[in-house]
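Here are my notes on the model you asked me to look over. Have it open beside you while you read.

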Amino acid sequence: MEAKIANAYPGSSRDEGDELSKEPLLAEVRNLKEAWALYSPLTNMSYVECEQENYNDQVRLYAKKEEAEEAADELEEQGIRVQPREFRTVEVTVPAQADRPDGEKKKLYLNQVRQYLGTLPFIGVNAVLYQPAGKKAKSLELSALLPEEFEKKAMGSGMYQPTLQLTGLYLMQEARRKKEYVDMKQLQALDEEFSSNLVKAKLLLAVLPPEGQEKEQKINLKECRLPYLKHQNGDRFFPVFTDIWEFQKYVQGKKGLRPIQVPFQELEKFWVKDAKAYMVNPMGSSIPITREMLPRIRERFAGKEE
């Protein structure tokens, strides 16, 4: 990416003589039973930043809660709001036999740290700034932390658009900072980068098929209903999603909704009456795009080279 939110990260180190070599550190991260990551309340997602040596897109991870809280306070002084989020190993009970859900149960241990690391490729993150307890932080490439070929396999379905996700996160982190800290030139560059990715994207919509057709392979879209979001002030928004993960977060607990994939160029064909705007990833970065903006975005960015 060319346009980044460039923030210093206190406590980081790249000294060749650092007592922590990367191999032991990588092993430590792989075997963490608990850790704290910094989340952005501005996007409801991981806080992402541009690593300044290799320009990797990274998240921050801490072995100790207190050090995560100190880092959050330091970022707050720069007008960047973040909150530590805990990941730990939890005990879960599952059926002993998959085909007998009501039968005998067994206990498993779910490592949320590993699970969290496994989600990062889907939002375009390729590095982790990890701080061991009482020591300096180091930036570790995600490919060295995950199983071999994991990132490649994870992206093989075509239902994820990590670059679009990532540019949206950078955009909204900057746009929603305290006004006195917003860099308007940086914000414009991030907006252009997100828009450039958006015009090439295929977005997911949630549709509700007619009763009795919920599981049909082919459905008539003209007979389907489209859900909407209602803000507490009464405004309506039409939810759209960058990927299947964001769709699943939205439909959790909502029965019958199915995803359809629509090129951005055709998004105007779909609309919820009286909606104020489309809302991209309402359970995440929540990026509003008015209907009037669509032709302007297409005209300016469609066909441009990356």
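**Notes on the model**

1. Let's start at A275, which is buried at a relative accessibility of 13% (buried is under 20% relative accessible area, exposed is over 50% and partly exposed is in between, with a 1.4 Å probe and protein chains only). A275 sits in strand β13, residues 275–280; helices (H or I, at least four residues) and strands (E, at least two) are DSSP runs numbered from the N terminus. Leaving out residues up to four places away in sequence, A275 touches R236, F237 and F238, where a contact means heavy atoms within 4.5 Å. A275 and T290 are 15 residues apart in sequence, with 9.0 Å between their C-alpha atoms.

2. Before you go further, a word on what you are looking at. This is a predicted model, in which local features need pLDDT of at least 70 and side-chain atom pairs count only at pLDDT 80 or more, while totals for chains, interfaces and linings use all residues. Residues are numbered from 1 along each chain as its sequence is written, and side-chain values use heavy atoms, with hydrogens and water left out.

3. How far does the predictor trust the chain? The mean pLDDT is 89, and 92% of the residues reach 70 or more; pLDDT is the predictor's confidence in each residue, from 0 to 100. Go carefully with residues 1–20, though: pLDDT stays under 50 there, and the model gives this stretch 57 contacts beyond four places in sequence.

4. Now the overall build. The chain has nine helices and 14 strands. Along the principal axes, the C-alpha atoms fill a box of roughly 65 × 60 × 40 Å. Buried residues account for 46% of the 306. Of the contacts between residues at least 6 apart in sequence, 71% join residues at least 24 apart.

5. Not counting residues up to four places away, S40 touches M45, S46, Y47, R81 and Q173.

6. Which helix pair is worth a view? Helix α7 (residues 184–198) packs against helix α9 (residues 293–301) at about 90°, with the axes 9 Å apart. The two are therefore roughly perpendicular: that label covers 65 to 115 degrees, with under 35 roughly parallel, over 145 roughly antiparallel and the rest oblique. Axes are lines fitted to C-alpha atoms, for helices over the stretch in contact, and angles run from 0 to 180 degrees between N-to-C directions. From α7, the contact uses E192, S195, S196 and L198, and from α9 it uses I297, R300 and F301. By class, that is three nonpolar, two polar and two charged residues.

7. Finally, two backbone angles to check. Y55 has a positive phi of about 60° although it is not a glycine, and Y55 lies in the loop between β3 (49–50) and β4 (57–62). Y55 is exposed, at 54% relative accessible area. S286, also not a glycine, has a positive phi near 50°. S286 is in the loop between β13 and β14 (287–289) and counts as buried at 17% relative accessibility.

Key. Ala, Val, Leu, Ile, Met, Phe, Trp, Tyr, Cys and Pro count as nonpolar, Asp, Glu, Lys and Arg as charged, and the others, Gly among them, as polar.
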